[in-house]
Amino acid sequence: MLIFNSRDKSYKSIISALATDQKCKFRITVPRDCRCSCATLAITKDGENECTAYYNMFWAGMCGDDYEYWELHFSATTAGLYFYHFELETPWGKSFIMNIGGGKGDFSASEKQFQQTVYDKDFKTPDFIKGGIIYQIFPDRFYNSGEKKENVPDSRVMRKWGEEPYWREEDMNGIWNNDYFGGDLRGIEKKLPYIADLGVNCIYINPIFEAHSNHRYDTADYEKIDSLAGTQEDLKSLCKTAKEKYGISVILDGVFSHTGCDSRYFNMYNRYDTLGAYNSKESPYFSWYKFINWPDDYHAWWGIKLLPEVVEEDKNYREYICGKDGILRKWMRCGVSGWRLDVADELPDVFLDDLRRAVKEENENALIIGEVWEDATNKFAYGQRRRYLLGNQLDSVMNYPFADAVLNFVRFGHGENFFDAVMSIVENYPPQVLNVLMNHIGTHDTERAITRLAGPDSEGRGRHWQYEHNSLSSYDYLKGISMMKIASLIQFTLPGVPSIYYGDEIGMQGMKDPFNRGCMQWKNQNKDLLKWYQRLGQIRKGTKALADGEFIPVFCENSAIAYERRSNSGSVLVAVNNNETETKIIVGDHWNNSYCYFDYDCKNGVITLPPHRYTMLSK
């Protein structure tokens, strides 16, 4: 019998982050042979070297003949991270119950403790996204409306739709990311019926502000939309039509940790008639940047001199972005419903605090998603523990831990690893954050999902190798389609909001940048996979348990798993057999006679699945 399990309600009554002043019952099951005379919950608040407090537990009766219960109720008055273990007084001295992994606690000399996140009890996240679906668009590559573009710089290389993005240095004439295909905001608006058919209720668009690379992460002017992407009126029209006709909200990509060197603020190449920080120390933007030896020696994002870093703490910069008439509010007043923050872990607390204040004052139901690749509750950056999800900064993050868990399970199996990764996030995140997590399995920064599932490993490989392996064989592609169905089924049924990277729903392939940023294939689509995604969208719309239901692991045996999403309005069960042999998945008689979405139902408490098959039940 386990002494403690933080992922089991018989040991810990709340399996998630706690609100301030919220009481949680802790219970340990101690062997009688220990002859325990006193049990203590030892708590250390983050940032303090020694234990902050000891809480005596009370003896709560026997558990059979050989074990006894010790219990207490814990609550915290201030938000933050707390780390805990248990200590027992015995005739042989003090014994320590520590975290041995997987949520389990046992006698151990390890110093690893359990984490308890405590968030502000007034913390709320937007309702509109819960139970929905996000669709991510890289605007230059989604759809070209064919409308004439005005004031496009002559230096840009316009390509024919569907051609392979430039990746050879000789193709670019020394100017990287300078080839464009002309995808625009009007193109997105024209394709809203297609997007709506997927069940989408939120579109996330990669940067659209004026910039001089096709990815537009090198902002040149926050106040203008890039001439190839469209106009301010085009954005207003897109937001209005999407919301009023299709119930779809639009969020934009905010790139606030750096600008482009070729911008009105830095102005290295004198493209603009402004006095940039590179031009003069008297520039109104000079304090925005981190010069080591002006003008040519400055801090740049990851050392890339094209991307000079911004001093986000600078009062003038914060006012420009977050002020009463700042950039955030300007574009929200065009109908934008929120922001995805590029490299959020490189934005200091003072900036994130100001940003949240501005966004929520403009629209309290607006969404703020941060790009954080790790567990965002215990992330260290800027030399300190970050407080992204404690109530005063982000609503959500891009959920890379879930993405890795899903893709690794579908490709390699290992159900225990899958559940451990998912439950770690379930344990650590506030429930209102968990329900709005951006659950992707591919983005503009990663390989296409089908390529990662069925293709060779590209880690450490150069662009030439990636080019040679960019297309799957016919056999691997068909295998990849089957794997995509399993991956997307899991993605769509985990806590949070599934995010589709444009083209994944039709089986588009691609290694890393730029191969993962090809033009949307409006012809030669995999219709079978597209219908599958449309079906998943219909299921999410009609299943309340997928919006806010509790996540409960039910079965795990090698590469076969089953889990439940349980809410007050009903429950769904997902079972996947990723083994090479038929597997009987034990789920309990209460799932007999349930509604079955796919081919395999429950009989006598057991679901029998052939290799690499799946099912979903509802009651």
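Predicted model: local features only at pLDDT ≥ 70, side-chain atom pairs only at ≥ 80, totals over all residues.
1. On the side of helix 8, the contact is made by Pro 401, Phe 402, Ala 405, Val 406 and Phe 409. Helix 9 brings Gly 415, Phe 418, Ala 421, Val 422 and Ile 425 to the contact. Of these contact residues, nine are nonpolar and one is polar, while none is charged.

2. Now for the geometry of this pair. Two packed helices are described by the angle between their axes and by the distance between those axes. Helix 8 covers residues 400–412 and helix 9 covers residues 415–428; their axes come within 9 Å and cross at roughly 170°. Angles over 145 degrees count as roughly antiparallel, and helix 8 and helix 9 are therefore roughly antiparallel to each other.

3. Next, have a look at the open sheet of three strands, which has the order 3-7-6 and antiparallel pairing. Its edge strands are strand 3 (24–31) and strand 6 (58–63), each of which pairs on one side only. On average, neighbouring strands of the sheet are turned by 30° against each other, direction ignored.

4. Strand 7 spans residues 67–74, and strand 6 pairs with strand 7 in the antiparallel sense over four bridges. Along the way you will find Met 62 standing opposite Glu 68 in strand 7.

Conventions:
Residues numbered from 1 in each chain as written. Heavy atoms only, no water. Pairing = 2+ DSSP bridges. Helix = DSSP H or I, 4+ residues; strand = E, 2+ residues; numbered from the N terminus. Axes fitted to C-alpha atoms, helices over the stretch in contact; angles between N-to-C directions. Parallel < 35°, antiparallel > 145°, perpendicular 65-115°, else oblique. Contact = heavy atoms within 4.5 Å. Nonpolar A, V, L, I, M, F, W, Y, C, P; charged D, E, K, R; others polar.
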